[in-house]
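Open the model in your viewer and get your selection tool ready.

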Amino acid sequence: MEVVKLIGTWPSPFSYRVIWALKLKGIPYEYIEEDLSNKSPMLLQYNPLHKKIPVLVHGGKPICESAVILQYIEDVWPQNPLLPNDPHERAVARFWVHFAENKVRCIWRLFRTTGGEEQEKAKKESMEMLRALEEHGLRDKKFFGGDKIGIADIAFGQVAHWLEMIEDLVGVKLIEAHTFPHLHAWTKNFKQVPIIKENLPDFGEMLMYFKKARDNFLASRGPGM
């Protein structure tokens, strides 16, 4: 079997997308922690265009962008499939991965706010995104594809774990049982899957890391910005 390496960073939800997919499929790999403040020659070699993580290296060939990597993993290692067999259901799953790529970033805009109109706008965008997941993505299903975890669930993993951290830092609450009952249940179901549960960043460490990152970002904007 060709060597598989993953270049990532421990607090990144995009790194964890790849970790979860590899673990769910039982693919052995070497994990290489990247220092984004001092990017390594390996990262610059394998992702010279964006210089970002995660990067999957398979047999010496790099694959970049977490959503692209997920599809690559599914194509190369079909065991324990993350996509359903039915063509329409596969298309629906890919739709939700695409939705995650385009819409979930609004929770990180919320992360960078301190209040006022900017925060209200980011909160509204986040609520609209979550409502779409509640009413159109999940409905009354355990996971996006039914009773089994799949590629769409992995794509939305940051909603299950990182959003709670953002809520704590910003001082807002978005996902509650009475507001989004299906989504609230999904976050619990997702994090109870053994592979996911065993491969989540420590919440306390993550909270400290992102608090510092947020404080530094807000300080760099200066007062009144």
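This is a predicted model: local features need pLDDT of at least 70, side-chain atom pairs count only at pLDDT 80 or more; totals for chains, interfaces and linings use all residues.

**Stop one: the largest pocket**

Begin with the largest pocket, whose volume is about 930 Å³. Select Ser12, Pro13, Phe14, Leu36 and Trp108: of the 27 lining residues, these lie closest to the pocket centre.

Now show the helices. α1 (13–25), α3 (66–76), α4 (87–103), α5 (106–111) and α11 (203–221) each bring at least two residues to this lining. Which element supplies the largest share of the lining of the largest pocket? Select α11; its share is three residues.

**Stop two: the second largest pocket**

Move to the second largest pocket, which holds about 300 Å³ of space. Its lining has 18 residues, and those closest to the centre are Pro84, Glu89, Ala93, Phe144 and Gly145. Select these five and centre the view on them.

Then bring up α4 and α7 (151–155), the elements that give two or more residues to the lining of this second pocket. Which of the elements gives the most here? Pick α4, with five residues in the lining of the second largest pocket.

Colour by class again. The lining of the second largest pocket has 11 nonpolar, three polar and four charged residues.

**Last stop: α4**

Technical notes
Residues are numbered from 1 along each chain as its sequence is written. Side-chain values use heavy atoms; hydrogens and water are left out. On a 1 Å grid over the protein atoms alone, a cavity is a set of points where a 1.4 Å probe fits but cannot get out, and a pocket is an open set with protein on both sides within 12 Å along at least five of seven lines; lining residues have an atom within 4 Å of a point. Grid points are joined across faces, edges and corners, and a volume is the space filled by probe spheres set on the points. Helices (H or I, at least four residues) and strands (E, at least two) are DSSP runs, numbered from the N terminus. Ala, Val, Leu, Ile, Met, Phe, Trp, Tyr, Cys and Pro count as nonpolar, Asp, Glu, Lys and Arg as charged, and the others, Gly among them, as polar.
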